[in-house]
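Subject: Structure handover

Hello,

Here is the structure you asked to look at. Please open it first, then read the notes below.

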Amino acid sequence: MVEERVAALATRSIKREAKMWALRTAISMTDLTTLEGMDTKEKVRQLCHKGIRPDPTDASIPSVAAVCVYPNLVGTAAEVLEDTSVRVAAVSTYFPSGQAPLDLKVAETRRVVADGADEVDMVIDRGAFLAGDYVKVFAEVAAVREAAGDACLKVILETGELGSYDNVRRASMLAMAAGADFIKTSTGKVSPAATPAVTLVMLESIRDFYSNTGRVVGMKPAGGIGSAKQAIRWLVLLNETLGVEWMTPRRFRFGASSLLNDLLMQIRWLETERYQSPDYFTRA
Amino acid sequence: MARQDALAPRSGTGAPMWEYRESRENPALAGIRDRSGLWINGEETEPLSGRWFSTIDPATEEHLSMVAEAGPADVDRAVGAAREAVAGWAAMPVAERAKSLFRLARLVQERSRELAVLDTRDGGKPIREARDVDLPLVAAHFFYHAGWADKLEYAFPGVEPRPMGVVGQVIPWNFPLLMAAWKVAPALATGNTVVLKPAETTPLSALRLAEIAAEAGLPPGVLNVIPGAGETGADLVGHRGVDKVAFTGSTQVGKEIRRRLAGSGKALTLELGGKGAHVIFDDAPLDQAVEGVVNGIFFNQGQVCCAGSRLLVQESVASEFVDRLRRRLSTLRVGDPLDKNTDVGAINSAAHLERITELVESGQEEGALIYQPPCELPDRGFWFPPTLFTDVSQSHRIAREEIFGPVLSILTFRTPGEAVERANNTPYGLASGVWTSKGSRILWMADRLAAGVVWANTYNKFDPASPFGGVRESGFGREGGRHGLAAYLRGVG
């Protein structure tokens with residue numbers, strides 16, 4: 001039924017004003033991401049400028065929510081993004097595997113926050129989770145939560161490795177109970193990454209957690225969301241599961257890199273009813 | 001920004017509303033003509049009765065077409081045409097018969113958008129369902145049965161299956177084209193010829209199907225369509241030239257037909273009403289079960305004979321489940337059936353709306369608690385909001401009578417034994433559903449539920465290969481699969 005519900009919602013037909021609102025909102029929800037071994041300071045600077053002003057020809061286009069980088073590049077991003085609304089997000093806890101001792105994960109988290117990260121994207125220890133050592137998973141999230149201080153903590157479940165919807169739900173509940181501000185599907189390094197079906201399961205978990213505890217947790221699908229059409233489907237899922245209260249960058253993010261330009265292209269199409277060459281959009 | 005601030009709930013103001021803009025399918029695609037005559041012997045023809053009636057769009061009450069009403073002389077003509085065609089059709093090389101059915105299936109597929117819009121306008125169902133459920137199943141039924149046409153001796157080895165002859169079929173308005181396909185496809189594949197009477201509120205798609213069948217090369221007289229009301233149906237099933245009657249509709253009419261046919265030598269299959277029990281155990285994945293329940297009772301506005309109209313929830317999760325169900329109801333989009341975002345469309349007719357309204361009033365009078373989500377209904381047309389009843393007891397009319405509308409009666413149970421007892425405490429026996437994470441319990445329940453269909457952790461799933469039909473007052477005979485073929489053949493037991 002999870003897949004059926006998702007398939008039914010995928011047939012929602014979102015047009016004109018409704019689509020324009022979705023496209024602009026999706027931009028404001030984007031965590032513009034670069035997580036490559038070959039990332040350079042220059043690339044991160046480029047990406048930050050892109051995030052602040054996604055379309056140089058149209059000042060009405062909102063900035064993205066955050067720029068997400070590796071720990072080494074947090075300082076660079078923080079420098080460019082200082083005094084802007086765009087936040088610095090850092091992956092932490094030995095992303096993407098999370099296969100490191102807890103003290104190193106905690107130290108890494110303290111370091112990225114000290115270097116200027118407003119948000120920390122941590123990974124759970126999937127090995128421990130699949131082995132049934134939920135206590136360890138919980139304790140690690142709680143320790144990183146503390147180390148992150150006031151930073152917003154996003155907990156990556158890496159759903160592509162969890163094997164079942166039951167596990168996705170269990171991991172979601174565990175992460176939320178341990179103090180996650182957001183739960184996030186994937187690192188982007190494992191396939192499948194974010195699917196609509198696991199997103200629905202996580203949204204339902206967030207809803208149940210909220211109704212049981214009153215605490216609001218956000219959702220971040222990440223990895224594999226490259227087109228505006230997909231993004232709109234995600235927003236439909238969000239709208240019909242958690243409602244408009246959740247349709248804000250404070251509660252929902254897209255972890256993506258190539259999505260932004262497609263959103264911009266679709267906005268231009270809605271405005272002009274023409275597709276423009278990709279060369280009219282900046283590539284960071 | 002501090003952590004609390006980043007996640008502070010946005011109170012009241014400031015939260016954006018996301019209204020989906022209307023996304024309307026083009027009504028002109030239906031290609032509706034001013035007058036729709038009878039379809040007899042391969043052509044459209046004026047009714048000898050001289051009578052025409054108006055068919056309307058139940059969502060707008062707008063007149064769509066004047067439709068010919070078949071009187072006794074027209075029924076006689078149609079049965080005569082079918083009789084004349086029967087020898088040729090039965091004697092046609094089976095591979096040729098299969099080919100023309102395959103052609104019909106392909107044409108239906110090619111014209112599925114037109115047919116979906118046609119059924120939506122004539123019947124009021126949401127275009128999303130017509131497009132994504134009805135039409136794919138219509139094509140699937142023709143493809144499936146076309147495949148059997150030249151393999152009948154393998155379906156029934158050791159006997160020589162022979163067609164019945166002329167089949168008189170009477171179908172309801174809830175799935176106008178799909179019910180036509182369920183009836184026509186197996187009848188034709190097994191070498192019978194057909195006189196089909198569609199419901200008086202939804203005659204257009206069956207007439208269109210007859211046209212398409214002629215285009216596909218079906219010989220004249222093999223498929224005849226004669227619109228009309230109950231009288232036309234009675235004339236058809238009572239006609240001496242009919243060898244077999246297949247009826248889908250209410251239990252009351254089904255009983256009348258059976259009485260009438262007793263001793264006539266005609267074969268009969270009946271697919272009648274239901275009061276499906278949908279049983280939710282406490283270990284079920286509740287959000288999934290909510291989806292199943294919503295699908296079970298609000299699909300096609302609940303105008304489904306196998307609708308899961310009685311919800312039996314285990315007491316320990318009952319209040320939580322009802323909360324989830326209410327929340328889900330608030331996201332159902334009720335309105336213009338042609339809007340691609342509509343989930344719940346119009347009620348089929350004024351008369352049917354009156355019946356739903358009357359039963360719902362009886363529920364309130366008898367003391368059940370009603371819940372309807374806030375929703376704006378259009379000014380014109382026939383509408384009923386999605387409705388839940390809690391505090392329902394077995395003796396309430398809403399727990400016993402088929403409402404055939406978007407109305408769910410919720411009861412609770414404590415033990416599996418009690419669930420079975422309550423589920424079976426009805427004269428009907430068409431369909432039921434069970435939701436649990438425990439496989440053994442599914443089998444235990446399926447053994448005990450008196451129903452032709454038991455869905456496990458799903459609901460309203462159809463496939464042409466899977467026999468569908470009822471027990472007790474929900475009828476007899478099966479449609480679909482090898483069992484469905486047997487209903488149209490002699491000599492197969």
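How many helices and strands does the secondary structure of chain B come to? It comes to 17 helices and 20 strands. Please keep in mind while reading that this is a predicted model.

Chain B as a whole

Chain B has 493 residues, and a compact globule with that number would have a radius of gyration near 23 Å. The value for chain B is 23 Å, so it agrees with a compact globule. The C-alpha trace of chain B spans about 80 × 50 × 45 Å along its principal axes. Of the 493 residues in chain B, 55% are buried. If we take the contacts in chain B between residues at least 6 apart in sequence, 72% of them join residues at least 24 apart.

Two domains in chain B

The domain assignment of chain B gives domain 1 as 27-272 + 472-490 and domain 2 as 277-456. Their C-alpha centres lie 30 Å apart. In the contact between them, domain 1 of chain B takes part with 20 residues and domain 2 of chain B with 26 residues. On the domain 1 side, α4 (112-123) and α5 of chain B are the elements that give two or more residues. The largest share of that side comes from α5(B), with three residues. By class, the domain 1 side divides into six nonpolar, seven polar and seven charged residues.

A covered strand

Strand β16 of chain B covers residues 407-413, and seven of its seven residues are buried. Which residues lie on each face of β16(B)? Val407(B), Ser409(B), Leu411(B) and Phe413(B) are on one side, while Leu408(B), Ile410(B) and Thr412(B) are on the other. Both faces are covered, and these residues are all buried.

β16(B) has parallel pairings with two strands that I can point you to. With strand β13 (residues 310-314) of chain B, β16(B) pairs in the parallel sense over five bridges. In that part of the chain, Arg310(B) stands opposite Ser409(B). Strand β15 (residues 387-390) of chain B also runs parallel to β16(B), joined to it by three bridges. There, Thr387(B) stands opposite Val407(B).

Where the chains meet

The contact between the chains takes 25 residues from chain B and 28 residues from chain A. On the chain B side, α1 (3-7), α5 (127-148) and α11 (286-298) each supply at least two residues. α11(B) gives the most to this side, with four residues. By class, the chain B side has ten nonpolar, six polar and nine charged residues.

In soluble globular proteins, nonpolar side chains tend to be buried together. The largest nonpolar core in this model has 92 residues, and Val67(A) and Ala77(A) touch the most other members. Helix α10 (residues 228-241) of chain A gives the largest share of this core, eight residues. Leaving out residues up to four places away in sequence, Ala77(A) touches Val44(A), Cys48(A), Val67(A), Val69(A) and Val88(A). A second, separate core has 85 residues, including Trp39(B), Phe175(B), Ala185(B) and Val194(B).

Two loop residues

Asp125(A) is in the loop between β4 (119-123) and α6 (126-130) of chain A. Is Asp125(A) buried or exposed? Asp125(A) counts as buried, because it has 23 C-beta neighbours inside 10 Å and the cut-off is 20 or more. Not counting residues up to four places away in sequence, Asp125(A) touches Gly98(A), Lys136(A), Val137(A) and Glu140(A). Arg169(A) is 44 residues from Asp125(A) along the chain, and their C-alpha atoms are separated by 16 Å.

In chain B, Thr436(B) is found in the loop between β17 (431-435) and α16 (439-448). Thr436(B) has 22 C-beta neighbours inside 10 Å, so Thr436(B) counts as buried. With residues up to four places away in sequence left out, Thr436(B) touches Phe281(B), Asp283(B), Ala284(B), Arg441(B) and Ile442(B). Thr436(B) and Pro285(B) are 151 residues apart in sequence, while their C-alpha atoms are 7.3 Å apart in space.

Regards

Definitions and conventions. Residues are numbered from 1 along each chain as its sequence is written. Chains are lettered from A and ligands numbered from 1 in the order in which they are written. This is a predicted model: local features need pLDDT of at least 70, side-chain atom pairs count only at pLDDT 80 or more; totals for chains, interfaces and linings use all residues. Two residues are in contact if their C-beta atoms, placed from the backbone, lie within 7 Å. Ala, Val, Leu, Ile, Met, Phe, Trp, Tyr, Cys and Pro count as nonpolar, Asp, Glu, Lys and Arg as charged, and the others, Gly among them, as polar. A residue is buried if 20 or more other C-beta atoms lie within 10 Å of its own, exposed if 12 or fewer, and partly exposed in between; C-beta atoms are placed from the backbone. Two strands pair if DSSP finds at least two bridges between them. Domain bounds come from an automatic or database domain assignment. A nonpolar core is a set of buried Ala, Val, Leu, Ile, Met, Phe, Trp, Tyr and Cys residues joined through C-beta atoms within 7 Å. The radius of gyration is taken over C-alpha atoms; the globule rule is 2.2 Å times the number of residues to the power 0.38.
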